[in-house]
Structure formats: C-alpha cells, structure tokens
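Please read the following points with the sequence and the structure at hand. They are set out as a colleague's note and may be checked one by one.

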Amino acid sequence: MADVRGGLLPGLHGLRATAAMMVLLFHLHAIARLAVPEALPWIATHFGLGVHLFFALSAFSLAWANPEAAARPGPYLVKRFFRIAPLYWLLATLALLRGGWPGTGRVAAEYGFAFNFIPGWHGGLVPAGWTVGVEMPFYLLLPLLLRIRGIGGMVLAAVLATALSWAARVWLEATLPGSDYPQVALASNAWVFVLALLAFRVFERVRGTPREGPVAAGAAVLALGLLGVMLSPLAAPLARPGNPDLLLIGAGFAALCLWQALRPSWPLRSRAALWLGERSYSIYLAHFMLILALRPAYARVVEALGQGGAAYLACLAITLPPLCLAAALGYRLVERPGIALGRWLIRRGSRPEEGRLGEKVFSPRPPHLSS
C-alpha cells in the first residue's frame, strides 16, 4: 500500500520540494543571468516548468485531502483561502509600500485574486505571483470538477481541458503577440489540473488493491518516458503554436504524481524533502525577491570564478541558507496562523451532526496542514 502518514502522501510532499527547487534553479539563471552547468542545460530550458508541477500537485493533493469538497465546498474553500491568502497579501502590501499605488482597480484585483483575468495585470504585484493568480480561481472550480466521479468522465474532462488549453494558447498568441499572457492565463493551464485529477481518480481506484503495484510501475514508465522525450531533441517538432510539447509534459507530471502517491521514492519521502515540501509555498514566494537582493553578491562570485558551473553552484550555495530561513519564518509566522484561523472559522461555522446516542460525529481523517 502507499506510504501514508497521518493522511500525508509523502511522495507528493517531496515533489513539492522538487518543484520549488526547479523554479529556484531556473530563476538563478533567468534573473541573475548565471550560466548553468554544462552538464545540466535543462535548468535553463525546462526547469521553469516546475510551476506546472506545482499545478498538478495542487489538484491531486487537494482532491485527496478534501473528499467532501464536491458535496460541501464551504469548509474546503475557507481552509484553502486562509492557507494561501495571508502570505500573498503580506507580500503584496510590501510591494505596494515599495512601488507606490497602482490604482484602486488593480489593488482590488490583486487582493481579490482576479488579476489573472486581466492582461497586463496578470503577473501580480508579488514577483512570481502569477501562479497564485492561476491557482486561486482553480480552487473555486475544484468542487465542480470533483463531481466527476468516474475515470471515464474524468478522461473526457481531461481531453476537453487539453483542447481548451491548446486553443486558448493559439488564440491568445494571435491576439496578444509579444505578451506572456498566452502562457500564464488560467485557460492556457487548465489541462495540467484536470490531468492530475484524472491521475487521482486512478489512484483512488487502485490504492490498496493488487493493481496498485503494476499501476505504479506503469505510471513510473509513463512519467519518465514522457519527461525524457520532452528533454530530448525528439520534442523539437512539437514546439509550435499552442505548445503541444507542454501538453505532453502535463501528462508526464500527472503520471509522476500518481507514481509517487502509490510508491514514494526514498529521496522524496526523506526528512529534508518533507521539510522543504511543507514550506514550498514560502520558498516559492520568497525566492524571486531574494535572488534580486543577492545580485551584487552573485556579481562578485562571477568576477572571481567566471561564468560557468562553479559560479552557478557557489551562488546557489549562498542563496539556499537565507531562503530556507525566510521560508521557515514565513511558514511559522504567517502560513501556520492563517491555517489555524481557517480551521477556527470552519469550527465556528460547523454544526456537528448528532449520532443516535447524542455523540458528536466528526470527520475521521483530518487533512494535513499543507492540503
């Protein structure tokens, strides 16, 4: 059976850490203009897709942790809102204090998490915060998607979502040439979420059955195969309008989630991976600003070592300690109080059902903090 600790799927937690590190490594190259090691060219070309791995993980883990969301979306939505909003609002407020007032409409869109729907505002005031603008509307849609119980129905939903994402990208690329909005719009990324929900429905069906091992092995082969093809020259013909290459990567990430949910690999269930995965949201929101702040230090490293793998790894070494400290503080001082507030509001608004003997009946499987 899958290694489940108190409701936690450790493989998914480790994948959160992996996604966070992918984005960090990519932005060290893209923001600080550091040349990546020659042996790892994919850092510059593909590690930015760590955000799509985050999207797949969100859909899969939320479906796991909120089995009643389709029937009773209120508690799930309250919990999710207070899991995400406090830290983002704090950083958005700091951005406003530093950058000035951008207008009432934009501030309202920012704090109401509607900025993804407005080209030009879609990046958010928080650096790298565009992903939050994608995820928050998806959280509203999740209870509706979870009403699709069968695998067949979810296959159809995944096909439709993939077609929607491809069509949205093609149309937006033609409508907004030169803009990055076609890549970051919610419609352009819908396929990742729904493919991950399909993987979750398969997980539900096979978990704890004799089919669990073979399905995990098949998911591993599919994930490694698809991601391997996408990192190879074989993917070059797919790099055309609509980004069909990205659509295949989404399928690879969904298979990766299924594999690690059923058979978590030991590096991903290690204590370090679980610690980083628990704080991956703070890591993600803090890393961009930290890289900007450390650019003078990076310049001195490059001056001493020259561009190349040695300088890149040295800059990574001076980035990780303050990033882990910032993530630990963000999680302890902002995220956890937000989680506690959400749970308190849920308890205040709930009316426990009475059992036949008058005892209160509660859910037997409380979701994990990160869910």
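1. The structure, which is a predicted model, holds 0 disulfides. Cys315 illustrates this point, as it takes part in no disulfide; the nearest cysteine sulfur belongs to Cys324 and is 16 Å away. A disulfide would need the two sulfur atoms within 2.5 Å.

2. Burial of two cysteines. Are Cys257 and Cys315 buried or exposed? Cys257 has a relative accessible area of 0% and is therefore buried. Cys315 is likewise buried, with a relative accessible area of 0%. The cut-off behind this reading is that a buried residue has under 20% relative accessible area.

3. Secondary structure and overall form. The protein has 15 helices and 2 strands. Its radius of gyration is 21 Å, close to the 21 Å that the globule rule gives for 371 residues, so the protein is as compact as a globular protein of that length. Along the principal axes, the C-alpha atoms fill a box of roughly 75 × 50 × 45 Å.

4. Interior and contacts. Of the 371 residues in the protein, 50% are buried. Where residues in contact are at least 6 apart in sequence, 76% of these contacts join residues at least 24 apart.

5. Surface. The protein has an accessible surface of about 17200 Å². Carbon and sulfur atoms account for 68% of that surface.

Notes
Residues numbered from 1 in each chain as written. Predicted model: local features only at pLDDT ≥ 70, side-chain atom pairs only at ≥ 80, totals over all residues. Heavy atoms only, no water. Buried < 20%, exposed > 50% of the residue type's maximum accessible area, 1.4 Å probe, protein only. Helix = DSSP H or I, 4+ residues; strand = E, 2+ residues; numbered from the N terminus. Rg over C-alpha atoms; globule rule 2.2 N^0.38 Å. Contact = heavy atoms within 4.5 Å. Areas by Shrake-Rupley, 256 points an atom, 1.4 Å probe, with all protein chains shown as cover.
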